[in-house]
Amino acid sequence: HPSVAIWGPAINEAVSDPYIEIPLNDIAHEEDSSRMTSAGRLTTPETNIFDIYGHNNFMGPLVPSMNIDPASMGYLNTEHTGHTYPTKRFDPEWKLVGQGMRHELMTIYARQSPRIHGGVGWCAYDYATPWSGPMAYHGVMDFMRIPKFAFYFYQSQSAAYNYDGSFHPMVFIANYNTPESPLDRRVYSNCDSVRLYQNGTLVATKRPDSLFAVTDSSLCHDAGWALFCHTLPLQETNLLAHPAFTFNNVPFQAGELKAEGFIGGSVAATHTVRTPGSAAKIVLLADPPAIGANGSDFSRIVATIVDSNGTPVPVTGTHITFSLSSGGNIIGDNPSPTEAGTAVVLAQSPVTLGEMSVAASAAGLTGATVPVALTDPTPVIRPAVPRRLARTVDKAVVRAFYGTRFVVPGAEAGKERLVSVFDLHGRLLYREVTKKNIIDLRRMAGTAMEVMVVKSQKVK
């Protein structure tokens, strides 16, 4: 269920071009009158035709001058952090902590004025690109959707109702608890207060930070933090829904750090990190554990290296080999090198029902297997049919599907129906009279479509 907040009917970071942007802006409003429009600019244009003035601002805190009435036009920071502070998930801890703090600070800036609609962090996930490639480490999660520390800052800001942490309480220690860990222990939480324990002994009970400040000199190793280290005035954190909790100068002790988040005097969430020992074995996660047997569905297989006690060991470069019991395919590098202790591939389904088993192995480690259920691939019905197709085909009998096997809409077993399959541009792929209520398009049409539109009619 993708979320669209604002449409950007313009070329990213381009100089304003009314010849292109005015008709694009009109089309966006025609297609969706419920949402506003904006554009990500690097320069300040003479005029602004969009509903919100957008500008990519990587350092903050100033809003660029605008040649329009500021009272009638809102501002949106359309991109920050990203390429100015690229962070790998297998970087040193101080760099991971620093990335989270950058997102915190830019979020504070994005809430400093009623006319600022917010700030957009670039971006959710690392991605492959030749521009800064082969991989751009700009996300708060890596390419295979494994979170970095910064991800948990955003999780701490969100909740079901008015940022009320009692609906989705969470607490996260941004730390591996190793000798190289920063001494200032940073904790993200949407709780009222946090208690931190070290090997069972209470370190302190903290309320959320009232000021944002870079106090740990280990965070200033990188030139990307030059502006932020000891040069910025202290920023009040009360503009954040839930500021971070900082436990200053906690010397390393091998063992366990435990955080308890309190709401209304009761423990609402806990998080524990332990000092990792030597790598001993692999544990596997299938996400999701059941997929459709349609030849195109897949499960994300996450292999994590742990010690003998099950604590993740953030080692990078260990190659893990994946295999399947029968059918299907492994998508991704195989063997796959670990990043901060994990390696991820995709297990693609065959077209047979049952179960497939995924195995992972590596030299010197105990291997693991995980089952993936192969279920009847009941199609996902999309909520809308493309307008261009809806104009020519009766919407009441049209459904959009993912995959290659699908249930014919309105079909009754043993009753003949004329089934027509179109692509999303309205081009006919094939048409057949059939009594089947489940059709495998790959076998019948000689192709495997990821998305299709199906029309089903009774035969008179």
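In the predicted model, Asn199 is partly exposed, with a relative accessibility of 37%. Asn199 is placed in the loop that runs between strand S8 (193–198) and strand S9 (201–206). The phi angle of Asn199 is positive, at about 50°, although the residue is not a glycine. Most residues other than glycine have a negative phi.

A positive phi is also found at Asn177, where the angle is near 60° and the residue is again other than glycine. Asn177 belongs to the loop between S6 and S7. The relative accessibility of Asn177 is 0%, and Asn177 therefore counts as buried, the cut-off for this class being under 20% relative accessible area. Asn199, at 37%, counts as partly exposed.

Two cis peptide bonds were examined in the model. Most peptide bonds are trans. Cys123 lies in the loop between strand S3 (116–122) and strand S4 (127–128). Another cis bond leads from Asn334 to Pro335, and its omega is near 5°. Pro335 is located in the loop between strand S19 (329–331) and strand S20 (336–337).

In helix H1, which spans residues 18–31, Ile22 was considered. The relative accessible area of Ile22 is 40%, and the residue is therefore partly exposed, a class that lies between the limits of 20% and 50%. Ile22 and Phe50 are 28 residues apart along the chain, and their C-alpha atoms are separated by 8.6 Å.

Technical notes:
Residues are numbered from 1 along each chain as its sequence is written. This is a predicted model: local features need pLDDT of at least 70, side-chain atom pairs count only at pLDDT 80 or more; totals for chains, interfaces and linings use all residues. Side-chain values use heavy atoms; hydrogens and water are left out. Helices (H or I, at least four residues) and strands (E, at least two) are DSSP runs, numbered from the N terminus. Buried means under 20% relative accessible area, exposed over 50%, partly exposed in between (1.4 Å probe, protein chains only).
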